[in-house]
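Me: I would like to go through this model step by step, with each answer showing how it is reached. Please take the questions in turn.

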Amino acid sequence: MEASRMLICKQRQVLYFFIFLGLSQASTEPRRYSVVEETEGSSFVTNLPKDLGLGQRELTRRGARVTSKGNKLHMQIDQETGDLLLNEKLDREELCGHTEPCVLRFQVLLENPLEFFQAEIQVIDINDHAPVFVERDMVLKISESSPTGTALPLKNAQDLDVGQNNIETYIISPNSYFHVLTRKRSDGRKYPELVLNKALDREEEPELRLTLTALDGGSPPLSGTAQIYIEVVDINDNAPEFEQPFYRVQIPEDSPIGFLIVKVSATDVDTGANGEISYSLFQASEEIRKTFELNPITGDIRLKKQLDFEDIQSYEVNIEAKDAGSLSGKCTVLTQVMDVNDNAPEVTMSALTRQIPENSPETVVAVFSVSDLDSEDNGKMSCSIQDNLPFFLKSSLKNFYTLVTEKPMDRETRAEYNITITVTDMGTPRLKTQHNITVLVSDVNDNAPVFTQTSYTFFIRENNSPALHIGSVSATDTDAGANAQVTYSLLPPQDPSLPLASLVSINADNGHLFALRALDFEALQAFEFLVGATDRGAPALSSQALVRVQVLDANDNAPFVLYPPQNGSAPCTELVPRAAEPGYLVSKVVAVDGDSGQNAWLSYQLLKATEPGLFGVWAHNGEVRTARLLSERDAAKHRLLLLVKDNGEPPRSASVTLHVLLVDGFSQPYLPLPEAAADAAQADPLTVYLVIALASVSSLFLFSVLAFIAGRLCRRSRAAWVGGCSVPEGHFPGHLVDISGTGTLSQSYQYEVCLMGGTGTEEFKFMKPIIPNLPVRDTGRNVGKNENFRNSFGFNIQ
């Protein structure tokens, strides 16, 4: 069974092979379909019966199926409907990579009868991959000498998508130095190119950080970024230069091995590594390399082997000086082998002063002599020191020199000098000797202390605690040692009346200022004085600065009431007519505060009143006014307790008591307290006399008349001394002062002035109104009341 089944299978494969081989010769055009990648599996592609011109059931009957190369079935046929469906989700990048278009070929095979159709499906790309830089960080080193327009290719990003979904352009973060161009390679891929817009300056901006962005052409576009770090490299635009391009030296043939033939010196005006120079032999022969040794750092050329004048009379040595940036300069050293100047000059120091004071001209620093064992020209010598030093050499006796200062020194500018004395003989070749000495400049007190400020302002709140630190002054001295030690002191004040010594003190060592006692803003708001700074040099130098101390106010004074006065023996009583309108000015509280600013802003408040709601006080000016109309039911005497408060923190206050008496139109005098009047009325014998007179009128008429006359005479004598004042007899003059207007009285009144008797000072005591002769309108009970009221004050009513 198994063998027959395998045979049938092989026969079927051979049959299919010949069928495909025959049909493949056909020139039928394949059918083309398209599908978007990432489309879900089982998605509809086409309807095969409709495309092939077959009936819907014919595909099933003929055993239709899909075949492809390698048996990779990406599609399937719905046997019921004949629809060609996707077998799975297609990933264009996985199927075709960067190949475009991405076409998958397949065949639709009908087995009974055998027939097949060629077809292909194109997988359309979608923008499902963002550009990605393989290297997210790029480091570029660009010389600051790079010309404008220099282009630097950058590494491109990669995008798995194709067509317009692939990378379209590159952009770079905004900057003033570079822009980016999008270039295209021969294979169609795009890469960025960084172009220099303007010249770089390493000293201005040594490094740049830019963001490179790759954008694809999808909708919406996707992007990827990379960071570009640009290091601006300092340009090496100055080559080393030798002090002289040609050196000519003569070497005695007996010069020892290691003898210094010449010291070549080159300089490079560049800095850093670009200015570091190394020396080397340039295109030297083998003989020169065996004979001479060049120090690559110092430029010293020394003998490496013994010379022989009879063998070689001269050498031409080419020296190259190269800096770290590979720029170089060249010089030639011509060495002539001469006979016997083999003794270098010697320096013998006789006297040496290693420390000299500043500001001292022509000071002798050193005395030395030079010598050379050679003779004639080989023994003649010259002596020199470096240029640009404030010293010079003075020749005294033969081969004796004196090193002298050329001008006064300034230690604050330079405190140490390294002097190289160079002695060269006149031999062939010349030999020289160098002697180094170090000279220190000692300090002289030539700089006065300097305050950090020309004037200082300090603030201190009054009522401070003694020894309070106010502030500090500071001065510096550029000298050294004791010449730079500064002490502080208070200078005598310009105002002789200012007790400065009792106000402040200063710490002589650090310039701290302290208040010696508590300050009072009301007594002293600000004061100025001078502070001196003196160094400890000889002679001492000093400077001064102005110090201003501003005393800040504290709320330490309570309001003081000027009116009504609170120190009198008798209270001050304000009279208010009962006919007064609302808002009638009763009185005004006047107060002051010794503080300033908001600590002296006063406000007024009514704390307590005999009858609340009858009077009010204005908070800002202290005016006491009536709040409503007065009535007969209101009490005649009122006591008001007012509070005066400032705006300080914490606030301070004072209270004042105001007495108000309600009168009927100022026709009544200043009345005594109602209780005293009632007692006086009870004690008045007139009442008794009247009762007796009325009871005995029928029988004792005459006695009653006499008693009535006696009682009136008695009352008149008492009224003459009411309030301790003497009341003149008779009627008052008729010329009265008239007072009228809103909130005032419309009646006319007279006032008498009572003076203190017996003191001789005639001090003003008080004023009281004197009732004019007015017609009596009331009768009956009211007349009786008015008579009793007036009689209680001792007035005679006509």
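**Salt bridges, strands and surface**

Reply: To begin with the charged pairs, this structure, which is a predicted model, holds 14 salt bridges.

Me: Which residue has a relative accessible area of 11% and counts as buried?

Reply: Buried means under 20% relative accessible area, and partly exposed covers the range between that and 50%. Arg-183, with a relative accessible area of 36%, is therefore partly exposed. The residue that is buried because its relative accessible area is 11% is Glu-193.

Me: How many residues apart are Glu-528 and Arg-548?

Reply: The side chains of Glu-528 and Arg-548 meet in a salt bridge at 3.2 Å, N to O. This pair links distant parts of the chain, since Glu-528 lies in strand β41 (residues 526-535) and Arg-548 in strand β42 (residues 542-552), and the separation is 20 residues.

Me: Is Arg-548 buried or partly exposed?

Reply: Glu-528 has a relative accessibility of 39%, so Glu-528 counts as partly exposed. For Arg-548 the relative accessibility is 31%, and so Arg-548 counts as partly exposed.

Me: What is the relative accessible area of Asp-634, a buried residue?

Reply: Asp-634 meets Arg-628 in a salt bridge between their side chains, at 3.2 Å, N to O. Arg-628 is partly exposed, with a relative accessible area of 29%. Asp-634 is buried, and its relative accessible area is 5%.

Me: Which residues do salt bridges that share partners join into one network?

Reply: Where salt bridges share partners, the residues concerned belong to one network, and here those residues are Lys-263, Asp-300 and Arg-302.

Me: In the open sheet of 3 strands, which residue of β23 is the bridge partner of Phe-292?

Reply: The open sheet has the strand order β19-β23-β22, with antiparallel pairing. Its edge strands, each pairing on one side only, are β19 (260-263) and β22 (292-294), and the twist averages 20° from one strand to the next. Strand β22 is joined by 3 bridges to β23 (residues 300-303), and the two run antiparallel. Within β23, the bridge partner of Phe-292 is Leu-303.

Me: Which strand gives the largest share of the nonpolar patch?

Reply: The patch on the surface is formed by Phe-560, Leu-562, Tyr-563, Val-590 and Val-592, which have about 420 Å² of accessible area together. The elements that give two or more residues to it are β43 (560-563) and β46 (590-592). The largest share, 3 residues, comes from β43.

Me: What is the relative accessibility of Tyr-563?

Reply: Tyr-563 has its place in strand β43. The patch takes residues with over 30% relative accessible area, and Tyr-563 counts as partly exposed because its relative accessibility is 31%.

Me: Is Asp-159 buried or exposed?

Reply: Asp-159 is found in the loop between β11 (157-158) and β12 (167-172). Not counting residues up to four places away in sequence, Asp-159 touches a set of residues including His-98, His-129, Asn-165 and Asp-216. Because the relative accessible area of Asp-159 is 3%, Asp-159 is buried.

Me: What distance separates the C-alpha atoms of Asn-127 and Glu-37?

Reply: Asn-127 has its place in the loop between β7 (114-124) and β8 (132-133). Beyond residues up to four places away in sequence, Asn-127 touches several others, among them Asp-161, Asn-165, Asp-216 and Gly-218. Asn-127 and Glu-37 are 90 residues apart along the chain, and their C-alpha atoms are separated by 9.8 Å.

Me: Of the 798 residues of the chain, what percentage count as buried?

Reply: The chain has 10 helices and 54 strands, and it exposes about 45,800 Å², of which carbon and sulfur atoms supply 53%. Of its 798 residues, the part that counts as buried is 36%.

Notes: Residues are numbered from 1 along each chain as its sequence is written. This is a predicted model: local features need pLDDT of at least 70, side-chain atom pairs count only at pLDDT 80 or more; totals for chains, interfaces and linings use all residues. Side-chain values use heavy atoms; hydrogens and water are left out. Two strands pair if DSSP finds at least two bridges between them. Helices (H or I, at least four residues) and strands (E, at least two) are DSSP runs, numbered from the N terminus. Axes are lines fitted to C-alpha atoms, for helices over the stretch in contact, and angles run from 0 to 180 degrees between N-to-C directions. Patches are made of residues with over 30% relative accessible area and no salt bridge: like charges are joined within 9 Å, nonpolar side chains (Val, Leu, Ile, Met, Phe, Trp, Tyr) within 5 Å. Accessible areas come from the Shrake-Rupley method with a 1.4 Å probe; for residues, only the protein chains shown count as cover. A salt bridge is a side-chain nitrogen of Lys or Arg within 4 Å of a carboxyl oxygen of Asp or Glu. Buried means under 20% relative accessible area, exposed over 50%, partly exposed in between (1.4 Å probe, protein chains only). Contact means heavy atoms within 4.5 Å.
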